[in-house]
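This report walks through a few elements of one protein model, from overall confidence to a strand, a helix and a loop residue. Please keep the sequence and the 3D view at hand while reading.

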Amino acid sequence: MNRRKFNLNVAALTAAFFSSTRLFAHNRITADKWFMPEEQGSHLRTWMAFIANQEIWHSSQIAAVQQNLLLIATTIAKYEPVNMLVTAEDYSLASAMLAVQPKSNFPISFVECEFDDLWLRDSGPIFVINGSGEQAAIDFNFNGWGNKQQHQKDAKVASFITAQTAAERIISSIVMEGGCFELDGDGTAIMTHSCIINDNRNPGKTKQQIESELKALLNLRKIIWLKGVKGGDITDAHTDFYARFAYPGVLVVSRDNDISSSDYQLTRDNIEYLKTVTDASGRSLELVIMDTPETINAQFGEEQFAAGYLGYYLCNNAVIMQKFGNTQADNAAWETMQDLFPSYHIEQIAVDAIASGGGTIHCASQQQPLTYTV
């Protein structure tokens with residue numbers, strides 16, 4: 001089965017932890033308790049994976065997907081190091097392709113590993129830190145989005161990456177993916193009910209049981225649950241396609257204006273619901289609406305195309321976001337990001353081959369945060 005079916009759908013850095021002009025409260029950080037920093041926090045590196053095989057991807061997509069992956073990696077490497085998993089079979093190809101890319105400010109290092117697909121946001125570990133300067137990596141037992149895709153090798157990626165670092169390994173009893181949730185760095189997370197409270201991942205587990213463990217693992221005070229939809233795509237409606245925290249109390253939300261899309265009503269339901277909730281500190285959420293593009297580049301296929309701007313990735317002092325060739329929508333999305341992150345470099349790149357497989361820049365990347373002490 002293909003990756004997903006959307007209905008539309010090495011060096012420690014010395015950068016300051018608060019790289020944004022808006023500061024985060026971080027009142028949950030203690031010397032002895034794990035805490036997941038928000039994506040805007042300073043990174044030690046980004047993890048990615050170089051792969052596009054014929055078991056999952058259509059042959060017409062593969063070369064372009066590989067080019068897209070290196071474009072993402074070289075763009076991120078302007079701002080921080082990138083470690084890129086690569087199979088033994090693809091190592092020479094990846095090295096040759098990287099050799100002709102413009103030189104980056106930071107290294108792109110290949111790490112040989114056997115794996116199935118490129119979506120490290122989901123298969124990779126979730127890194128957490130504590131105020132003593134220690135790091136751990138949570139393994140959420142990736143199972144191919146509820147056994148919808150081959151994942152025997154991907155199921156071992158989280159433990160493999162953890163072993164390449166100095167992080168302590170934590171194995172959760174929950175099955176879920178990094179794309180299932182978004183958090184604000186101040187004790188609030190948004191998760192999708194259809195992803196996590198789903199028998200294809202967590203049979204027999206109650207919402208209360210899942211919440212209790214996730215609050216302890218990620219140091220959360222409140223979880224806001226979007227309803228989502230089961231079976232609409234391979235992820236069962238990952239949160240990061242629909243809602244992303246820019247800052248505590250400020251949420252970027254996708255709105256689909258294609259009335260023929262099932263996401264047309266889903267995105268509106270999300271918006272109306274999010275208007276009614278508060279975060280862990282009792283704040284109402286300021287919603288920043290970001291419309292999806294009206295047209296896309298269908299060269300690599302459109303049935304699974306992930307057409308939305310919320311798939312951006314925040315690295316050290318930069319936003320890496322997509323453009324789709326819809327000039328008006330692309331420009332509006334760029335301006336929204338610039339308004340939200342005025343001190344960041346906004347890099348807008350086209351990765352339509354990856355989008356044709358149902359994913360985004362965010363899906364293909366996983367941050368490893370910089371540790372610090374309190």
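The model is predicted, so that local features need pLDDT of at least 70 and side-chain atom pairs count only at pLDDT 80 or more, whereas totals for chains, interfaces and linings use all residues. Residues are numbered from 1 along each chain as its sequence is written, and side-chain values use heavy atoms, with hydrogens and water left out.

The average pLDDT (the predictor's confidence in each residue, from 0 to 100) is 92, and 93% of the residues score at least 70. Over residues 1-25, however, pLDDT stays under 50, and for these residues the model has 100 contacts (heavy atoms within 4.5 Å) beyond four places in sequence.

Strand β5 covers residues 135-139, and five of its five residues are buried; here buried means under 20% relative accessible area, exposed over 50%, and partly exposed in between, with a 1.4 Å probe and protein chains only. Helices (H or I, at least four residues) and strands (E, at least two) are DSSP runs, numbered from the N terminus. Gln135, Ala137 and Asp139 point one way from β5, while Ala136 and Ile138 point the other way. The pairings of β5, which require that DSSP finds at least two bridges between two strands, are set out below.

| Partner of β5 | Sense | Bridges | Facing residues |
|---|---|---|---|
| β4 (residues 126-129) | antiparallel | four | Phe127 and Ala137 |
| β6 (residues 168-171) | parallel | four | Glu168 and Ala136 |

Five residues lie between the strands in the hairpin of β4 and β5, where Gly133 takes a positive phi near 85 degrees.

Helix α7 has 12 residues (207-218), which at 1.5 Å a residue should span 16 Å, and its end C-alpha atoms are 16 Å apart, in agreement; the expected span is 1.5 Å times one less than the number of residues. Ile210, Glu211, Leu214, Leu217 and Leu218 are buried in α7. Seen down the axis, the buried residues of α7 fall within an arc of 135 degrees, so they line one face of the helix; the arc is that of the directions from the helix axis to the C-beta atoms. Asn219, which follows α7, has a positive phi near 60 degrees.

Arg201 sits in the loop between α6 (193-196) and α7, and is buried with a relative accessible area of 4%. Its contacts beyond four places in sequence include Asn143, Trp145, Glu177 and Asp236. The side chains of Arg201 and Asp236 are joined by a polar contact of 2.8 Å, a term for a pair of N or O atoms within 3.5 Å, of which, within protein, one must be able to donate a hydrogen and the other to accept it, residues adjacent in sequence counting only if both atoms are side-chain atoms.
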